[in-house]
Amino acid sequence: MQRLSGLDASFLYLETSDQPMHVCSIMELDTSTMPGGYTFDRLRDALSLRVKAMPEFREKLANNPLNLDHPVWVDDADFELDRHFHRIGLPAPGGRAEISEICGHIASLPLDRRRPLWEMWVIEGVAGTDCHRKGRIGVMTKVHHAGVDGVTGAALMSQLCTTEADAPAPDPVDGVGSASGWQIAAGGLVRFATRPLRLANVVPDTVSSVVGTLLRARDGLTMARPFAAPRTAFNARITARRNIAYAALDLEDVKRIKNHFDVKVNDVVLALVSGVLRQYLAERNALPDSSLVATVPVSVHGKSNRPGRNQVSGMFSSLQTHIADPVERLRAIGDTNSVAKQHSSAIGATLLQDWTQFAAPAVFGIAMRVYARTRFTDSVPVHNLVVSNVPGPQIPLYLLGCEVKAMYPLGPIFHGSGLNITAMSLNGNLDIGLISCPDLLPDLWEMADEFAVGVEELLAAVRNGR
């Protein structure tokens, strides 16, 4: 068995019927590259071989009423691929409206905790093409956030994918094994007994971070503050409904902007998000006077020796939405992000993991559920939205023999923060996924379509030598 870390388990405790905690992706696949031609059964057979080499896809949660620590992962002795691999057809004309409607419905459905926490949906009939000859299919994946963060999720997808359409299946890999109820409880008791020792290690680091933050605040060298974000239409209670939109950008255009203005790719992504939100809110006479604030997950893979599949920290980034000029806005974001990164690094890569690891599951679980149900964040949002940027491989990839033409990532949304925008670079493209609640943002495609406009604005500034 493998025990969840506190950060992994927090996504279980945060989950409610209105707030499912899975991450998704929508892939567009070219079926013409599949050896032997596309059929659903052939795709299923290829996935069955891949899953044998991916124990994470065959593991489920296990717990015991006497367990004083977090749940564990164990092998699902009754694993059946057909419980996770599904097929659905698009109604005509099979365009983006139909894709996003079906994917939004799939995203709204919680995963079954009695089984391994993932699903894959094959969507046929994309753009009215004939999937049995040349054509495209869509594939939507869902994996619970307790099992993946942005980096581990991308790594799982890379294990499913290959660099050649006819690559052989990998050798099977053993899973984590099983565990009896008393083994889960005994291991939890040991971890419970060592919790005071962990607290002794966490407190000094926390005090040091607080003191350092106060000193930085005195000199104006801190990231944006939590609970300082202005309220918008998407900072309210969410329902179980989900809507989805996406955009595809040329990564070379983004890099050209990055190089000209001497900023990072992440700065350009945040500037594009800022411009999109500014335009969307201004058109509705709802643009706040103060800047919107985004939470940006920061990977600490390679910087942390802590257990768990979620290895992330985070920073609060000012989106500078009060600045009208797109070039000035990008430069301001680059400057403030530089300060925010330094502040985030000074806090310590593992502080969030350490505190979630220390907290007792019963108390932690209650706190997470209270947070999920409270209306405090509706009037005083912690932040306005989550913006994530995940680097992907810059080579052609094949999923089960089909070339991946696009991969749009979709993160979870929360009460008080009903919009998530995630970007992923893949083989020369920057694919951007947007997910929200239609009760808050019914016209999400209007937002998605502004990304191309924002890129063109910044490219025009580059051409004009600004």
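**Salt bridges and surroundings in a predicted model**

In this predicted model, the side chains of Asp-439 and Arg-241 form a salt bridge, with N and O 3.0 Å apart.

**Exercise 1.** Work out which parts of the chain the pair Asp-439 and Arg-241 ties together.

*Solution.* Start with Asp-439: it sits in the loop between strand E16 (429–436) and helix H13 (444–448). Arg-241 is in the loop between H6 and E9, so the bridge ties together parts 198 residues apart in sequence. Asp-439 has 43% relative accessibility, so it counts as partly exposed. Arg-241, at 47%, counts as partly exposed too.

**Exercise 2.** Find the salt-bridge partners of Arg-284.

*Solution.* Take Glu-283 to begin with: its closest approach to Arg-284, N to O, is 3.6 Å. Then look at Glu-446, where the closest N and O atoms are 2.7 Å from each other. This second pair links distant parts of the chain, with Arg-284 in the loop between helix H8 (265–283) and strand E10 (293–299), and Glu-446 in helix H13, 162 residues apart. Finally, zoom out: Glu-283, Arg-284, Asp-443 and Glu-446 are linked in a network of salt bridges.

**Exercise 3.** Decide whether Ala-229 is buried or exposed, then list what it touches.

*Solution.* Buried means under 20% relative accessible area. Ala-229 comes in at 10%, so it counts as buried. Leaving out residues up to four places away in sequence, Ala-229 touches Val-293, Pro-381, His-383 and Asn-384.

Note on methods:
Residues are numbered from 1 along each chain as its sequence is written. This is a predicted model: local features need pLDDT of at least 70, side-chain atom pairs count only at pLDDT 80 or more; totals for chains, interfaces and linings use all residues. Side-chain values use heavy atoms; hydrogens and water are left out. Buried means under 20% relative accessible area, exposed over 50%, partly exposed in between (1.4 Å probe, protein chains only). Contact means heavy atoms within 4.5 Å. A salt bridge is a side-chain nitrogen of Lys or Arg within 4 Å of a carboxyl oxygen of Asp or Glu. Helices (H or I, at least four residues) and strands (E, at least two) are DSSP runs, numbered from the N terminus.
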